[in-house]
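Take the points one at a time and find each residue as you go.

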Amino acid sequence: MTTTASDVLIEGKAKIVRQDTTAHQVRVIFKDCATAFNGEKFSEIPGKGELNAKISGMLFQLLEEHHIPTCFVALGESANELVYNNLTMIPLEVVVRNHAYGSVCKRFGFEQGMAFKQPLVEYFLKNDAANDPQITESMIQERGSLPASISLSLLERRALQINEIFVAFFEARGIRCADFKLEFGVDAQGVLMLGDELSPDNFRLRDVKTAQVLDKDVFRLDLADLIETYQTLLKRMEAPTKLALDQPRTYWAQVFVKSRKNILNPESKAILTSLHNVGFTSVNGLQAGKRFEVQIEANTMMAAERQLLKIAEDVLSNPVIEDFELELGLSGGVS
Ligand code: 5GP
């Protein structure tokens, strides 16, 4: 396919995004360059773009197979290219950590390589000029970084659902998935989708037995040849190994159901009247709701979510007059 300078939508450090001939799709070209320390270290590395496109394509497909919505549409015409649905990106980096490496050791003094009791999720503002600072929930609200349809608890849940699949995928290949960075966006309907890339540039991956580094730390820390390392990783990813996600696990959820805004249900009205009758006349608004605690078996947290959304919509709430919120978590940590 021919391209022109004018069809370039964005050019970043690692990728060029071009408009596709299909209106809502883009073509993402993975560049042959590596950068680290916010662009301070830079190298042209022929062949890196192809490897990153291939590895990202595989991991996006793995997530899609497990019903995680992503931007991925297809492999591109060239080996260093993928076709994505065009998303409106959320300007946050979502980092999931199973083991302590990198900045979390510097910031919090964790011993390198130690396993966390539960996977940790951290948020960083995408802002090169400010060196992508860590950001709190209230600062995310203050800056209005999230689209109206997306809550931070959904972002965290989706990051943990993705982590569960990556941990199982790499564990089956003798690789520890220590940490990774995700970027999300929303489609035209406001649905949360995983975007960006899923290459070893964004992960820390270590051989379980030898601790061999299989990610961009080989470039950051001058440990080994990047192309050889990424080729080794790709070969191990391509090995037809069964994913350890065929055993049902127990998940715990809470479903909160409440009346839609501006609908005062009879229970709320009765409680408000009682409060006024016993002298609490300062209360001028009250909304009663229901909370359900649910223990559910599923092979993945995403499969549990799909079942719970149906249960909440069809059974626990009345969709005409009520809204619900879902909280869902693992009953144990990642081993
Ligand atoms: P750390 O916070 O330890 O530097 O990074 C945690 C994880 O997120 C690592 O796997 C790292 O590769 C990834 N990560 C964090 N920030 C960036 C970034 O700006 N670009 C890329 N490619 N990966 C990042």
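How do the residues of the shell around the ligand divide into nonpolar, polar and charged? Keep that in mind for point 1, and remember throughout that this is a predicted model.

1. Let's settle the opening question. The shell around the ligand has four nonpolar residues, three polar ones and eight charged ones. There are 15 residues around the ligand, and the ones that come nearest are Arg97, Ser103, Asp179, Arg204 and Arg220.

2. Now zoom in on some distances. In the side chain of Ser103, an N or O atom sits 2.6 Å from an oxygen atom of the ligand. For Arg97, a side-chain N or O atom is 2.7 Å from a ligand oxygen. Glu93 also places a polar side-chain atom 3.2 Å from an oxygen atom of the ligand. As for cover, the ligand on its own has 490 Å² of accessible area, and the protein covers 79% of that.

3. Which elements give two or more residues to the shell around the ligand? They are strand E9 (92–99), strand E11 (175–182) and strand E14 (203–207). Hold on to those names, as they come back in the next point.

4. E9, E11 and E14 belong to an open sheet of four strands, in the order E10-E9-E11-E14, with antiparallel pairing. At the edges you'll find strand E10 (115–125) and E14, each pairing on one side only. Ignoring direction, neighbouring strands here are turned by 10° against each other on average. In general, the strands of a sheet pair through backbone hydrogen bonds, either parallel or antiparallel.

5. E11 and E14 pair in the antiparallel sense over five bridges. One to look up is Asp179, whose bridge partner in E14 is Arg204. Both of these residues are among those that come nearest to the ligand.

6. A helix packs on this sheet too: H4, residues 152–171, which touches E9, E10, E11 and E14. The direction of H4 makes about 150° with that of E11.

7. If you want a pair to click on, the bridge partner of Arg27 in E7 is Val83.

8. Last stop: Phe42, in strand E5 (residues 41–44). Which residues is Phe42 in contact with, leaving aside its neighbours within four places in sequence? The list is Cys33, Ala34, Thr35 and Phe219. Compare Glu64: Phe42 and Glu64 are 22 residues apart in sequence, and their C-alpha atoms are 33 Å apart in space.

Notes: Residues numbered from 1 in each chain as written. Predicted model: local features only at pLDDT ≥ 70, side-chain atom pairs only at ≥ 80, totals over all residues. Heavy atoms only, no water. Near = heavy atom within 4 Å. Polar contact = N/O pair within 3.5 Å; in protein donor to acceptor, adjacent residues only side chain to side chain. Areas by Shrake-Rupley, 256 points an atom, 1.4 Å probe, with all protein chains shown as cover. Nonpolar A, V, L, I, M, F, W, Y, C, P; charged D, E, K, R; others polar. Pairing = 2+ DSSP bridges. Axes fitted to C-alpha atoms, helices over the stretch in contact; angles between N-to-C directions. Contact = heavy atoms within 4.5 Å.
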